[in-house]
Amino acid sequence: MQLSILSCFTPEDFETDLNQYLAEKPSHHYKVYKIPKRTIGFRVIAQPTPKLKSIQRKIVEKLMSYLVVHPAAKAYVKSCSIKDNALVHANSNFLLKLDLENFFNSLTPDMLKRAVQYQGFSIVEKEANALNELLFWNKSKKKKAKLYLSVGAPSSPFLSNIIMFEFDEAVTKLCKQLGISYSRYADDLTFSTSEKNVLFEVPKIIEEILLQMFDGRLKLNYSKTRFSSKAHNRHVTGITLTNNNKLSLGRERKRYIRSLLHKFSNSLLSQDDINSLKGLISFAMNVEPAFIAKMKAHYGTALFDELNKYNCGNN
């Protein structure tokens, strides 16, 4: 089935004729800046203009009517969170974490075309080039440079999940045969099992699947490969897996929340720190509600009632 995506637009959406808008090269319409990574180096953020963001959101809304995200994908999915990603692996003894290198900036229009076709659709040929220009970023600003998804575009998360659908399906099928649980949270791949030594061959297998599907354009970052077991701390997307198959905030995060609660009880927190504490408590209630119940018993519910007033804008 052929998809006509741009047919949902009117000239008012572009504030001009589509051809005129494309002549201005929307793939150039990005504010580019760098933010430091948690370890070494910087991440390049390409933020589209408000107009281009609006167009991208409307394109994704149309595509979502036809294309589906694989169940193994846990990021950028409505009603799904890092908790859902961690729960996939809570009952396993052994854990493997892999990372995809330079994820968004490795995904191209050709990959999206293949992914759409894999789900039984194709983009109307006369719209293909226009959609590529609207959805992908020209990093070099050269006229015939390659286009990639950008970190910062509202369309990139959904499109990345669509591009990875075939990969997720193949890996899920393989893992099922091997008795392995698999999930993907954006560029983080997590594998778990209760069978000893099963996971050691997985990185090589995943590398072969990536090479077969993406011709070497999407690779593993082996510096971030991590094996762990119940004998050591196991973490999945920031959540600790306990030895009794439960989810936990982890010691450091609990200690930090306790310190913020103590300071709040003594009126020593800034507004920014109060906002941070509210976010952490909301997160903790989702992951480990027993911890918050323990904190309420220690500090009293009145303190939490006072904190909740700030949610209403009261100081």
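Colleague: How do the residues of the lining of the second largest pocket divide into nonpolar, polar and charged?
Modeller: This is a predicted model, and the second largest pocket in it has a volume of about 520 Å³. Its lining is made up of 22 residues. By class they are twelve nonpolar, five polar and five charged.

Colleague: Which residues of that lining lie nearest the centre of the second largest pocket?
Modeller: Helix H3 (50-63), helix H5 (109-118), strand E5 (122-123) and helix H6 (125-135) each supply at least two residues of the lining of the second largest pocket. Nearest the centre of this pocket lie Pro 109, Asp 110, Lys 113, Ala 128 and Asn 132.

Colleague: Turning to the largest pocket, which element gives the most to its lining?
Modeller: The largest pocket holds about 1400 Å³ of space, and 36 residues line it. At least two residues of the lining come from each of strand E3 (42-48), strand E4 (94-99), strand E9 (188-193), strand E10 (226-229) and strand E11 (234-236). With four residues, the element that gives the most is E4.

Colleague: How many residues of the lining of the largest pocket are charged?
Modeller: Nearest the centre of the largest pocket lie Arg 38, Asp 99, Asp 187, Asp 188 and Lys 224. Asp, Lys and Arg count as charged. Over the whole lining there are 14 nonpolar and eleven polar residues, and the number of charged residues is eleven.

Colleague: Is Ser 228 buried or exposed, and what is its relative accessible area?
Modeller: Ser 228 has its place in strand E10. Leaving aside neighbours within four places in sequence, its contacts are with Asn 93, Phe 94, Leu 95, Asn 233 and Arg 234. A residue counts as buried under 20% relative accessible area. Ser 228 is therefore buried, at a relative accessible area of 17%.

Colleague: Let us move to the cavities. What is the volume of the largest cavity?
Modeller: The count of cavities of 30 Å³ or more comes to two. In the second largest cavity lies about 40 Å³ of space. The largest cavity has a volume of about 50 Å³.

Colleague: From which helix does the largest share of the lining of the largest cavity come?
Modeller: The largest cavity is lined by Met 111, Arg 114, Ala 115, Ile 163, Glu 166, Phe 167, Met 213 and Phe 214. Six of these residues are nonpolar and two are charged, with no polar residue. The largest share, three residues, comes from H5.

Colleague: And which helix supplies the largest share of the lining of the second largest cavity?
Modeller: Val 171, Leu 174, Cys 175, Leu 178, Phe 191, Val 202, Ile 205 and Ile 206 line the second largest cavity. By class this lining has eight nonpolar residues, with no polar and no charged ones. H8 and H9 each supply at least two residues. The largest share, four residues, comes from H8.

Colleague: Why do the buried residues of H10 lie on the same side, and what arc do they cover?
Modeller: The buried residues of H10 are Lys 254, Ile 257, Leu 260, Leu 261 and Phe 264. They lie on the same side of H10 because the arc that they cover around the axis is only 125°. In general, an α-helix has 3.6 residues a turn, so residues three or four places apart point the same way.

Colleague: How far does helix H10 reach from its first C-alpha to its last?
Modeller: Helix H10 runs over residues 251-265 and has 15 residues. At 1.5 Å a residue, the expected span is 21 Å. The reach in the model is close to that expectation, at 21 Å.

Colleague: Finally, what share of the residues in the chain is buried?
Modeller: The chain has 13 helices and 13 strands. Among contacts with a separation of 6 or more, 71% are between residues 24 or more positions apart. Of the 315 residues in the chain, the buried share is 44%.

Methods
Residues are numbered from 1 along each chain as its sequence is written. This is a predicted model: local features need pLDDT of at least 70, side-chain atom pairs count only at pLDDT 80 or more; totals for chains, interfaces and linings use all residues. Side-chain values use heavy atoms; hydrogens and water are left out. On a 1 Å grid over the protein atoms alone, a cavity is a set of points where a 1.4 Å probe fits but cannot get out, and a pocket is an open set with protein on both sides within 12 Å along at least five of seven lines; lining residues have an atom within 4 Å of a point. Grid points are joined across faces, edges and corners, and a volume is the space filled by probe spheres set on the points. The expected span of a helix is 1.5 Å times one less than its number of residues. Buried means under 20% relative accessible area, exposed over 50%, partly exposed in between (1.4 Å probe, protein chains only). The arc is that of the directions from the helix axis to the C-beta atoms. Contact means heavy atoms within 4.5 Å.
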